[in-house]
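Subject: Structure handover

Hello,

Please find the structure below. My notes on it follow, for someone who has not seen it before.

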Amino acid sequence: MTQTQRILVTGATGTVGRQVVAELLDRGHEVRALTRDAAKASFPAGVEVVEGDLTEPDGLAAALEGVTGLHLITFGGAAFSPLETGPRLLELARSAGVRRVTVLHGGGPTPLEDAVRADDGVDWTVLMPVEFMANALEWREGIVAAGEVREPFVDRLSAMVHEGDIGAVAAVALTQEGHGGQEYVITGPEVLTVGDKVKTIATAVGREIALVELTQQQALAQWRAEGLPEDVIGFLLEAYGNTPEVGRTVSGTVEKVTGRPARTFAQWAAEHADAFRGQS
């Protein structure tokens, strides 16, 4: 059994951060969760909550005391701008005795990830998940109100990953040997179309859900009506219309690292069925 360790999780209130916290707790480790506003944060019992901001690393010395592992995100502050503080964060981490660092890839090159990769004083692991299964929650309103999903490029393929599996890979890399210097592409166990996902959710909630395919122009109008910035819209057009091979290829990382199979979208849909039924 792995010896109990204390891990500092940044971005702990995020989709992935919460899963890293939960997985570490489940494995019997001590978790210290970093948040900019502790009064607004809610964590499971046993989590030590500390306030701090990754844009101001010198204020994090106390949070790093007694920590052996550190989970990092690449964006910070109220505006979620790319962090430029990586070198100082890592300097403080090494001084505190941190041995292992995971960093959640931000979708492209970022100053903090570059700093982590260049650091030879810690065992670092870069986590590179593909599409989150949690992204399907964007369909909740349409399913609850009209029993339909409205999407373009419905034949696009995705090896989408359960966010809990991202947390599981992070937890192993933060507490066990053998993952230093690794770049882990994290996927689910299957490749799905939009239609596959809609049918799976329909089965989970026990009702028919229609899939309405939008043209590119209809999608653009819908996204702009929702207030999405043009750079985000451009990213969606590229990601959906020309999904890169890495996003539609099963990697096997989850089973390789954790020793158990990656969770399926059917499992995720069953866990979140109440949300698609309009329940809290």
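Helix 1 (residues 15-26) packs on helix 6 (residues 163-175) at an angle of about 55 degrees, and their axes are 7 Å apart. That angle makes helix 1 oblique to helix 6 (angles under 35 degrees count as roughly parallel, over 145 as roughly antiparallel, 65 to 115 as roughly perpendicular, and the rest as oblique). Axes here are lines fitted to C-alpha atoms, for helices over the stretch in contact, and angles run from 0 to 180 degrees between N-to-C directions.

On the helix 1 side, the contact is made by Thr15, Val16, Gln19, Val20, Glu23 and Leu24. Helix 6 contributes Glu163, Gly164, Ile166, Gly167, Ala168, Ala170, Ala171, Leu174 and Thr175. Contact means heavy atoms within 4.5 Å. Sorted by class, eight residues of this contact are nonpolar, five polar and two charged (Ala, Val, Leu, Ile, Met, Phe, Trp, Tyr, Cys and Pro count as nonpolar, Asp, Glu, Lys and Arg as charged, and the others, Gly among them, as polar).

Some background on the model and the numbering. This is a predicted model, in which local features need pLDDT of at least 70 and side-chain atom pairs count only at pLDDT 80 or more, while totals for chains, interfaces and linings use all residues. Residues are numbered from 1 along each chain as its sequence is written, and side-chain values use heavy atoms, with hydrogens and water left out. Helices (H or I, at least four residues) and strands (E, at least two) are DSSP runs, numbered from the N terminus.

Seven strands form an open sheet in the order 3-2-1-4-7-8-10, with parallel pairing (two strands pair if DSSP finds at least two bridges between them). Its edge strands are strand 3 (48-51) and strand 10 (182-186), each of which pairs on one side only. On average, neighbouring strands of this sheet are turned by 20 degrees against each other, direction ignored. Strand 1 and strand 2 run parallel and are joined by four bridges; Ile7 has Val31 in strand 2 as its bridge partner. Strand 2 (residues 30-35) is mostly covered, with five of its six residues buried (buried means under 20% relative accessible area, exposed over 50%, and partly exposed in between, with a 1.4 Å probe and protein chains only). Strand 8 (residues 123-129) is joined to strand 10 by five bridges, again in parallel, and Val126 stands opposite Glu183 in strand 10.

Which residues does His71 touch, leaving aside its neighbours within four places in sequence? They are Leu8, Val9, Thr10, Val20, Thr102, Leu104, Leu127 and Leu174. His71 lies in strand 4 and is buried, at a relative accessible area of 1%. Leu104, in strand 7, also counts as buried because its relative accessibility is 14%. Not counting residues up to four places away in sequence, Leu104 touches Val16, His71, Leu72, Thr74, Leu127, Pro129 and Ile166. Between Leu104 and Pro129 there are 8.2 Å in space, C-alpha to C-alpha, and the two are 25 residues apart in sequence.

Two loop residues remain. Phe153, in the loop between strand 9 (148-152) and helix 6, has a phi near 50 degrees, a positive value in a residue other than glycine. Most residues other than glycine have a negative phi. Phe153 is partly exposed, with a relative accessible area of 25%. Thr264 sits in the loop between helix 10 (253-258) and helix 11 (265-271). Its contacts, leaving aside neighbours within four places in sequence, are Met133, Pro189 and Glu190.

Regards
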